[in-house]
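I opened this notebook to record what I looked up in the structure. The entries follow the order of my reading.

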Number of protein chains: 2
Amino acid sequence: MARKPADQSVDREDILWAAAEVLHRNGYEATTMKDIAAQVNLTAASLYHHFKNKDFLLLSVLEVGLDLTIDKLEVIESSDLTCAEKLGGMIRSHVVSVTGNVAVGAAMVFEIRALLNANVGGKNGDGAFNSEFATRRKRFFARRDYFEGLFRNTVQAGIAAGEFRQVDAAIVTRAMLGAHNWVGVWFREGGRLSGAEVADVMVDTWLAALRV
Amino acid sequence: MARKPADQSVDREDILWAAAEVLHRNGYEATTMKDIAAQVNLTAASLYHHFKNKDFLLLSVLEVGLDLTIDKLEVIESSDLTCAEKLGGMIRSHVVSVTGNVAVGAAMVFEIRALLNANVGGKNGDGAFNSEFATRRKRFFARRDYFEGLFRNTVQAGIAAGEFRQVDAAIVTRAMLGAHNWVGVWFREGGRLSGAEVADVMVDTWLAALRV
DNA sequence: TCTATAATCGAACCGCTATTTGATTTCCTT
DNA sequence: AAGGAAATCAAATAGCGGTTCGATTATAGA
């Protein structure tokens, strides 16, 4: 009794982007599987062929977003630029990422709380799921710390090298990331500035804040 | 068939703080009326004597948080300090507010999307509710813009007065507010720094970023 | 003390949402 | 062409959550 399998041209990737978009718009809890499915012309039931359940889908979105961002940062970190040049590059890269894919950027920021609450309280004591989920979630948060560390270490190194003035690197780094994350909230394609231009302002601002 | 009306010592105010706290922990959609009620030893049904419904409760939390913050800022704005002094005071005030009541601070930031989605799509065409809600929501967003304007105008004035270097005031202001908002996410009472100390770092950072 | 009003509760209602299941269709490989 | 695997769907399930309702208790004023 199935009807219009139609396209059958939707893959895991498509669903991930669609989910990121809806998540950005509505937030995890307010996002229904139906919403996500509709975005790719599927029914909610079909999503379960691609993802174990809603929590895994969210986790996958976050993983992809974080991986993409980290990959670019690592290239910069392992270059032989000065700390100021490195930090500038990292800021630009991060902000461009956020403006380039607002959905993923915002999901990264706002849905992490949902990830924390997810799959605890053990509604389904389903060992297999919970175990894999717990592992991947833990790894995600570890990577998130690593991500923050990339920025913080660069700030710290710059201070040590005398390129930056003495500041509380941990706090300043978080201030920086907060500013970047917030971009995902207000940035709109087609506004006064492009993503790259916003990124330039950010680079300028933070290097000014740190200049000795 | 009612049982233990017990205390009867809970007022609207108590519920607001409780709601802010739960909201901060779980987010609007993941927060149930039962959760909020439990926080003040009530049942979900009882909340409806104090608030029309869940959306109004959220809105009230946001209104209170914003009002408190704006009140303090206005005092500073109408003083006769230099722009740098004003901006420093405003930053300190805002950050202290956020660290002092993380719940309200975070709710202000993270639950605004919920407010946007709330009460639209007209499940209940209930004219009275929807109309009052729409009005108050609109006013809330207007005040939110006003709040941002307080900072932006001070930055702008500082540039005009030659106290600050030439920057894109709109973007820098948003960067600033993003940094402050983010504090509500990571700050924990009893950590390495107090709220006031974090605020000091912020003031130092932003004045450094703007110094000519 | 008596009474009106406020605050509270338990229970029930209803809609919505994640998820499962079993059939059906499409697609790839041979 | 044929068969199996993959993708999709409709329908059903189960439970949760906001909200309403009527009854009960507390409280403040006359």
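**Two helices of chain B**

I noted that helix 4 of chain B and helix 6 of chain B are roughly perpendicular to each other (an angle of 65 to 115 degrees). Helices here are DSSP runs of H or I, at least four residues, numbered from the N terminus. I recorded that the model is predicted, that local features need pLDDT of at least 70, that side-chain atom pairs count only at pLDDT 80 or more, and that totals for chains, interfaces and linings use all residues. Residues are numbered from 1 along each chain as its sequence is written, and chains are lettered from A and ligands numbered from 1 in the order in which they are written.

I looked up the axes, lines fitted to C-alpha atoms over the stretch in contact, with angles from 0 to 180 degrees between N-to-C directions. Those of helix 4 (residues 54-77) and helix 6 (residues 102-110) of chain B come within 9 Å and cross at roughly 110°.

Which residues make the contact? Helix 4 of chain B gives V61(B), L62(B), G65(B) and L66(B), while helix 6 of chain B gives V104(B), A107(B) and M108(B). Contact requires C-beta atoms, placed from the backbone, within 7 Å.

**Chain B against chain A**

I found 26 residues of chain B in contact with 26 residues of chain A. Helix 9 of chain B supplies the largest share of chain B's side, ten residues.

I then read that a rotation of 180° with 0.0 Å of shift along its axis superposes chain B on chain A (RMSD 0.0 Å), by least squares on the C-alpha atoms of residues with pLDDT of at least 70 in both. The two copies are thus related as by a two-fold rotation axis. In chain B, the C-alpha of A209(B) is nearest the axis, 1.8 Å from it.

Note on methods:
Contact = placed C-beta atoms within 7 Å. Parallel < 35°, antiparallel > 145°, perpendicular 65-115°, else oblique.
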